[in-house]
Amino acid sequence: MTLAGRRLAVIHTGGTIASRPDPGGPGLTPQQAPAVPGLPGVTVTAHQPFRLPSPHVTPEHMLRLARLIERLAPDADGIVVTHGTDTLEETAFFLHLALATDTPVLLTGSMRHAEEVSWDGPGNLLDAAHVALHPDSRGRGPLVVFGGDLFDARTVTKVHTSAVDAFGGYPGPIGRIDRTGETAHLRFFARPEARPVYAPARLGARVEILYAYAGWQGEGYEGAAARADGLVIAALGTGNLPAELLPLVAASAGAGQPVVIATRTHAGPILPVYGYPGGGATLVAAGAIPASFLNAHKARLLLLLLLSLGHGLEEIRGVFGAGEF
Ligand SMILES: NC(=O)C[C@H](N)C(=O)O
């Protein structure tokens with residue numbers, strides 16, 4: 001497929017793909033926008049709303065990015081976002097929830113910087129551009145491309161701290177791109193589920209995450225519950241907690257504060273299986289909201305958007321329960 005005549009918008013936000021060793025500093029920092037490899041006949045426009053290491057990216061940055069994409073989408077055949085890998089899945093999921101456009105949006109980054117022999121930035125960027133400009137990519141929502149694998153924003157997660165193939169997620173890639181010479185070979189295996197758009201004008205809520213462990217007696221819970229509008233717990237297994245947490249969760253839910261139960265396990269749903277105090281069935285009976293297959297940090301973003309839209313406890317329970325995300 002020829003790309004000539006197509007329009008690509010590339011949005012640079014920072015991360016290792018934009019980083020170099022800091023002269024005189026202790027390590028890498030984002031310093032430049034990565035160059036887009038040659039795409040004959042393609043009109044490329046570059047944008048840089050911020051240049052940050054992705055641990056510094058906040059939901060407010062994600063909202064700014066969503067607005068920029070909505071503005072660029074009518075005049076682009078495809079959009080590529082370069083991003084640090086540490087929070088890339090959060091930005092991808094936020095955009096998946098907040099964007100209405102059918103224009104393909106491809107997120108990518110790199111695990112190695114431009115001065116390393118295994119620099120993976122140009123290949124990932126070129127893959128992202130090819131997928132973004134391909135007509136088959138339209139209407140699928142934001143996607144992540146890394147090492148040739150294509151992931152949907154709902155399930156993608158960073159699975160390795162240092163390997164070049166750093167992304168995965170259950171049940172796995174929904175497509176694959178390979179290049180031979182100038183030719184790109186793109187195959188989709190699955191289409192992400194349709195989802196409603198959750199696009200508040202501003203983010204007006206606070207959601208905190210608590211992480212469960214053997215022997216947790218609820219340390220940190222009451223402080224978080226007092227500060228936040230909603231809580232997410234990265235719980236154990238199918239969504240279980242130590243017994244001491246049951247009255248705390250019941251008190252929050254009884255007061256109308258959403259408590260979403262995700263899992264610290266890396267794949268699988270939350271299920272109301274166990275009836276011992278703190279077991280998943282008792283938490284749900286006490287009013288906790290199962291996060292389905294979402295990990296805790298994605299559940300947090302969904303809860304943040306729903307609270308910012310003014311949704312109440314029962315509406316929020318309905319969205320998580322029906323998998324409308
Ligand atoms: N590979 C990377 O991009 C990691 C970097 N710390 C970031 O997320 O900004």
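User: What volume does the largest pocket have?

Analyst: This is a predicted model, numbered from 1 along each chain as its sequence is written, and side-chain values use heavy atoms, with hydrogens and water left out. Local features need pLDDT of at least 70 and side-chain atom pairs count only at 80 or more, while totals for chains, interfaces and linings use all residues. A pocket is an open set of points (1 Å grid over the protein atoms alone, 1.4 Å probe, protein on both sides within 12 Å along at least five of seven lines), and its volume is the space filled by probe spheres on points joined across faces, edges and corners. For the largest pocket, that comes to about 680 Å³.

User: Okay, and where does the largest pocket lie relative to domain 1 and domain 2?

Analyst: The domain assignment, whose bounds are automatic or from a database, gives domain 1 as 7–188 and domain 2 as 207–322. Both domains give residues to the pocket's lining, so the largest pocket lies between domain 1 and domain 2.

User: Which residues of that lining lie nearest the centre of the largest pocket?

Analyst: The lining (residues with an atom within 4 Å of a point) takes in 28 residues. Sorted by class, they come out as twelve nonpolar, eleven polar and five charged; Ala, Val, Leu, Ile, Met, Phe, Trp, Tyr, Cys and Pro count as nonpolar, Asp, Glu, Lys and Arg as charged, and the others, Gly among them, as polar. Nearest the centre are Thr 157, Thr 265, His 266, Phe 293 and Asn 295.

User: Which helix gives the most to the lining of the largest pocket?

Analyst: Helices (H or I, at least four residues) and strands (E, at least two) are DSSP runs, numbered from the N terminus. Strand S9 (157–158), strand S13 (207–211) and helix H7 (296–308) each put in at least two residues. With three residues, the top contributor is H7.

User: Which three residues supply 43% of the area that domain 1 buries against domain 2?

Analyst: The domain centres, taken over C-alpha atoms, sit 31 Å apart, and the contact (heavy atoms within 4.5 Å) takes 13 residues from domain 1 and eleven from domain 2. Together the domains bury about 1,000 Å², meaning accessible area (1.4 Å probe) lost on being put together, summed over both; carbon and sulfur atoms give 76% of it. On the domain 1 side, 43% comes from one trio, more than from any other three residues: Glu 90, Phe 93 and Tyr 170.

User: What value is phi of Ser 292 near?

Analyst: Ser 292 sits in the loop between strand S16 (289–290) and H7. Its phi is positive, in a residue other than glycine, and is near 60°.

User: How much space lies in the second largest pocket?

Analyst: This pocket is lined by 13 residues, with Gly 38, Leu 39, Pro 40, His 130 and Glu 182 nearest its centre. Its lining divides into seven nonpolar, four polar and two charged residues. The space in there is about 230 Å³.

Note on methods:
Buried area is the accessible area (1.4 Å probe) that two parts lose on being put together, summed over both.
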